[in-house]
Structure formats: structure tokens, C-alpha cells
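Here are my notes on this model, as numbered points.

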Amino acid sequence: VQAAAQPNLPPDPGYEKNNLSSELAGPGGKQTAGPGLAAGQPKRALLFDWGDTLMRVFPLFPGPMKDWPQVAAMPGAAEALAALQANWMLCIATNAADSNEEDIRAALRRVKLDEYIDTIYCYRSVGHRKPSPEFFDHILTDLNLDRTQVIMVGDDFDSDIQGANRSGLYAIWYTPRSQEVKQGEEYRSIGDLRQMPAIFKD
């Protein structure tokens, strides 16, 4: 299998959780944050799909996932998020229609993933679905980040990967049923979420 190309990312300027870059400095050098960027958070973000990317979907269970009799995190999700959270804003970007942001966070709490997630974007709050450009534009505007500072991670090639690519975002295609590395100019695949920290390692 041919080695996968590394994402064409901007260099990591040594983000610190308690320091914003000078790009966010306001008048007199006072630091400010954009509408979706809390002071002290890294100025780049990973957008994770929710169902079958961070949490397993059980098709027989109806309604909001928070009320399902059984929930489960995807293998390696907690380890990957824990390793990434120091240098990235971690967000959810989902088409889920049965759950609002509070419902999604409640489901994440059941598998102890909520502590890692900064912001949740869902169809019911955004008003658009992936792969529409409007969905990704809403998130970029809210986070006050450039397209080169945001990466989409998901298991659905059409909605997550091609949708992100068409909106100018790099993407990581999560393919847990296959260890074969698949790649294009604006995406690469991983078979295990725990591979992600190594991808972004200098």
C-alpha cells in the first residue's frame, strides 16, 4: 500500500491553551476572541461527524440517542480526543435530525466523551445539512476560522469528505472496516481514530 500523504496544514505555531496568537489582539494589544472562539483556545478546529464516527449508531433504536437503552463510543474515540484536545478545538458537525445540541451532549456524556467537545453543530441548529456549503460556511463563521484551519473527520464519503472538500476543507475519512489507506489531494483515510494524533505530529 502506498504511503499516505500528510495533510497540507499550516505549521503549528505552538498553540498554548492560555495564549492566543497576536492575530486575535485587539486595540492596545488586548486579546479578543471571535464569536465561536473562547479566549485561550487553539486557533484551529477538528469537526467530527457524530453517528458511527464518535458514537455507534444502533439502527433499531428510534428517537434521540440520549434516550436509547444502549449507547457506545466508537473504538479509540476517547483516546484520540484526549490526545488532540490540547492543540485543537474539538467540535461535532452532524446531520442528526432527532437530537438538538443538548441532546447530543447528553448522549456524549453517557460514554464520557462530552468533556472533550467544545462546540456542537447539528442540523436542527444550523438549518442546513452536510454536504451543503451553507453548513460548513455557518461553522467557519461561528468559529471565526479560515478554511485552512479546519478539518472534517467522518465516515460518510459523500457528506463528510466530499462536502468538506467542496467547501475548501481538508478531510479525514474514517473507515473502521478497512485498513487500506485511501487518499486524494484533499483527504486521506484512517481505519482507527487513534491514528489521528500521529497524522498531525510534527
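1. Let's start with helix 4, residues 133-143, where the buried residues are F135, F136, I139, L140 and L143. Looking down the helix axis, these buried residues fall within an arc of 130°, so they line one face of helix 4. The arc is taken from the directions that run from the helix axis to the C-beta atoms. As background, an α-helix has 3.6 residues a turn, so residues three or four places apart point the same way. "Buried" here means under 20% relative accessible area, "exposed" means over 50%, and "partly exposed" is in between (1.4 Å probe, protein chains only). Helices (H or I, at least four residues) and strands (E, at least two) are DSSP runs, numbered from the N terminus.

2. A word on provenance: this is a predicted model, in which local features need pLDDT of at least 70 and side-chain atom pairs count only at pLDDT 80 or more, while totals for chains, interfaces and linings use all residues. Residues are numbered from 1 along each chain as its sequence is written, and side-chain values use heavy atoms, with hydrogens and water left out.

3. What do the buried residues of helix 4 pack against? Their partners are strand 1 (45-48), strand 2 (89-94), strand 3 (119-122), strand 4 (150-154), helix 3 (123-126) and helix 5 (157-166). Contact means heavy atoms within 4.5 Å. After helix 4 comes N144, with a positive phi near 60°.

4. On to the charges: the whole structure has 7 salt bridges, each counted when a side-chain nitrogen of Lys or Arg is within 4 Å of a carboxyl oxygen of Asp or Glu. In one of them, K130 meets D49 at 2.9 Å, N to O. The two sit 81 residues apart, K130 in the loop between helix 3 and helix 4 and D49 in the loop between strand 1 and helix 1 (77-84). Are these two side chains buried or exposed? K130 counts as buried at 4% relative accessibility, and D49 is buried as well, at 8%.

5. Next, look at R194 and E79, a salt bridge whose closest N and O atoms are 3.8 Å apart. R194 is in the loop between strand 7 (187-190) and helix 6 (196-199) and E79 is in helix 1, so the pair ties together parts that are 115 residues apart in sequence. Both ends are partly exposed: R194 has a relative accessible area of 43% and E79 has 45%.

6. R147 and D137 make another salt bridge, with closest N and O atoms 3.0 Å apart. D137 belongs to helix 4, while R147 is in the loop between helix 4 and strand 4, 10 residues apart. R147 is partly exposed at 34%, and D137 is partly exposed at 30%. Separately, salt bridges with shared partners join D49, K130 and D160 into one network.

7. Now the rings. There are 8 aromatic pairs in the structure. Rings of Phe, Tyr and Trp (its six-membered ring) pair if their centres lie within 6.5 Å; planes under 30 degrees apart count as stacked, over 60 as edge-to-face and the rest as tilted. F157 and Y187 are edge-to-face, 5.3 Å centre to centre with 80° between the planes. F157 is in helix 5 and Y187 in strand 7, 30 residues apart. F157 is partly exposed at 24%, whereas Y187 is buried at 16%. Y187 also pairs edge-to-face with W173, at 6.4 Å and 70°. W173 lies in strand 5 (residues 170-174), 14 residues from Y187, and counts as buried at 16%. Elsewhere, ring pairs link F58, F61 and W68 into a cluster.

8. Two arginines are worth a look too. The charged end of R44 sits over the ring of W88, 4.1 Å from its centre, and that of R129 sits over the ring of Y123 at 3.9 Å. The test is NZ of Lys or CZ of Arg within 6 Å of the ring centre and within 35 degrees of the ring normal.

9. Last, helix 2 (residues 101-110): D103, I104, A106, A107 and L108 are buried there. Their cover includes strand 2, strand 3 and helix 3. Just after helix 2, K112 has a positive phi of about 60°.
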